[in-house]
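Reader: I have a new model open and want to learn how to read it. Where do I begin?

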Amino acid sequence: MNYDRFFEEAIAQLHSERRYRVFADLERIVGRFPRAIWRSNGEVREITVWCSNDYLGMGQNERVIDAMREAAGKMGSGAGGTRNISGTNHPLVELEAELADLHGKEAGLVFTSGFVSNEAAISTIARLLPNCLILSDELNHASMIEGVRRSGVEKKIFRHNDLAHLESLLQAVPHERAKLIAFESVYSMDGDIAPIEAICDLADKYNAMTYIDEVHAVGMYGARGGGITERDGLAHRIDIIEGTLAKAFGVLGGYITGKSAVIDAVRSYAPGFIFTTALPPALAAAATTSIRHLKVSQAERDAHQRQARATKDALSAAGLPVMASETHIVPLLVGEPDLCKQASDRLLEKHGLYIQPINYPTVPRGTERLRITPTPLHSDALIAELTGALLETWTALGIPFQSDATDAQHERSERVVSLVTAKSGG
């Protein structure tokens, strides 16, 4: 049997659907973020990155880098094994205490990535609850979906941010049955925010636990960077708050926080935690330094919000199809996968601007987009440069501008809603 044929055909299918992903070979430049070095076909160029999840530039922060360097110098580069085998390095103990404090919870638990934290926590919590039903927002991240799948329990998908649909699902379940509502605070592709307080009200009314993913909000919102739940005074109403150390905090890793019993149960039962090498001390020390800094410094958040708003305003004023967003995410509608890739390639090759195309299955077909993430370090001059490059690219490729794109998006949205309604029986 020619085994290779199956893999070659799988890759060929991605090419035919215009979904094959190409990674840019980039090297960030310390002290000059968002500038980076791009290597392609033997050539080296300096470019500007406009799609990094290092939202506040903390991956370039001198204190964070110094903390990583110092910890590595004292304790070495690795963790030495799982925490069961090698114990817990002290910087990791400090990090988990810092995270619990950040969210006002009894305990925290750190994983090697945000994906692992969602997959391990959701699947373990649901398995430990008797006859649990998971109610999951339809736009939840792939890591949350994987956690739901691995739990093996019954699930119901509610339409995105649709409180009436969620309540109808809850009403159909016995009050005494265990239920877990899993959702995000900031949805990273559209930049919209969940109705957290209303979901908490429904959880109270129908006897459900709540699990929120705050990965695109921690560090970014709230007086101390605790996310949307802190900003809106709702953290105490959420049972499990999950987050990442790899975006606004600029390092690596994922985590959950909650009551001690819940965190201890996940620590004791989740294979994704038990059998994975611990986060190295250098990364833990760097993350702790970043969290502590953002707990007391509002400067990064203020500058970030200012530049995100300036970017939206500039692109909208130029007639570019900026999709509605309540947050720092700036999605720019293209609506066709091949054009989306062409736009990304043209911006990089002609203008020296890197913005990765976002295609299906990350977003629904027909809503392909460029996802722009301004940071405090994207100056007004860089925003003007971006606007000019996008105008040239949109014109050269014949991509619809704002009015045309809005009409087309309206039609696509209606089709998507009809499909979702049909699938859910609603």
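This is a predicted model: local features need pLDDT of at least 70, side-chain atom pairs count only at pLDDT 80 or more; totals for chains, interfaces and linings use all residues.

Reader: Which residues touch the most other members of the largest nonpolar core?

Author: Look for buried nonpolar residues joined through their side chains. The largest such core has 54 residues. Leu95, Ile181, Phe183, Ile196 and Leu245 touch the most other members.

Reader: Which elements give two or more residues to this core?

Author: The helices are H4 (90-103), H7 (163-171), H8 (196-206) and H12 (281-296). The strands are E5 (133-137) and E7 (179-184). There is also a second, separate core of 30 residues, which includes Trp38, Val330, Leu370 and Ile399.

Reader: Now the charged side chains. How many salt bridges does the structure hold?

Author: It holds 30 salt bridges. Read each one in steps: the pair, the distance, the place in the chain. Take Glu46 and Arg32, whose closest N and O atoms are 2.4 Å apart.

Reader: Where do Glu46 and Arg32 lie?

Author: Glu46 lies in strand E3 (residues 43-49). Arg32 lies in the loop between strand E1 (25-28) and strand E2 (35-40). The pair therefore ties together parts that are 14 residues apart in sequence. Glu46 is partly exposed at 31% relative accessibility. Arg32, at 39%, is partly exposed too.

Reader: What about Lys295 and Asp101: how far apart are the closest N and O atoms?

Author: They are 2.7 Å apart in this salt bridge. The pair links distant parts of the chain, with Lys295 in helix H12 and Asp101 in helix H4, 194 residues apart.

Reader: Is Lys295 buried or exposed?

Author: Compare the relative accessible area with the cut-off: under 20% counts as buried. Lys295 has 9%, so this residue is buried.

Reader: How many residues apart are Glu146 and Arg149 in helix H6?

Author: They are 3 residues apart, so about one helical turn separates them. Their side chains meet in a salt bridge at 3.9 Å, N to O. Glu146 is partly exposed at 22%, while Arg149 is exposed at 59%.

Reader: Which residues do salt bridges with shared partners join into one network?

Author: Follow the shared partners from pair to pair. They join Glu98, Asp101, Arg224, Glu230, Arg292 and Lys295.

Technical notes
Residues are numbered from 1 along each chain as its sequence is written. Side-chain values use heavy atoms; hydrogens and water are left out. A nonpolar core is a set of buried Ala, Val, Leu, Ile, Met, Phe, Trp, Tyr and Cys residues joined through side-chain atoms within 4.5 Å. Buried means under 20% relative accessible area, exposed over 50%, partly exposed in between (1.4 Å probe, protein chains only). Helices (H or I, at least four residues) and strands (E, at least two) are DSSP runs, numbered from the N terminus. A salt bridge is a side-chain nitrogen of Lys or Arg within 4 Å of a carboxyl oxygen of Asp or Glu.
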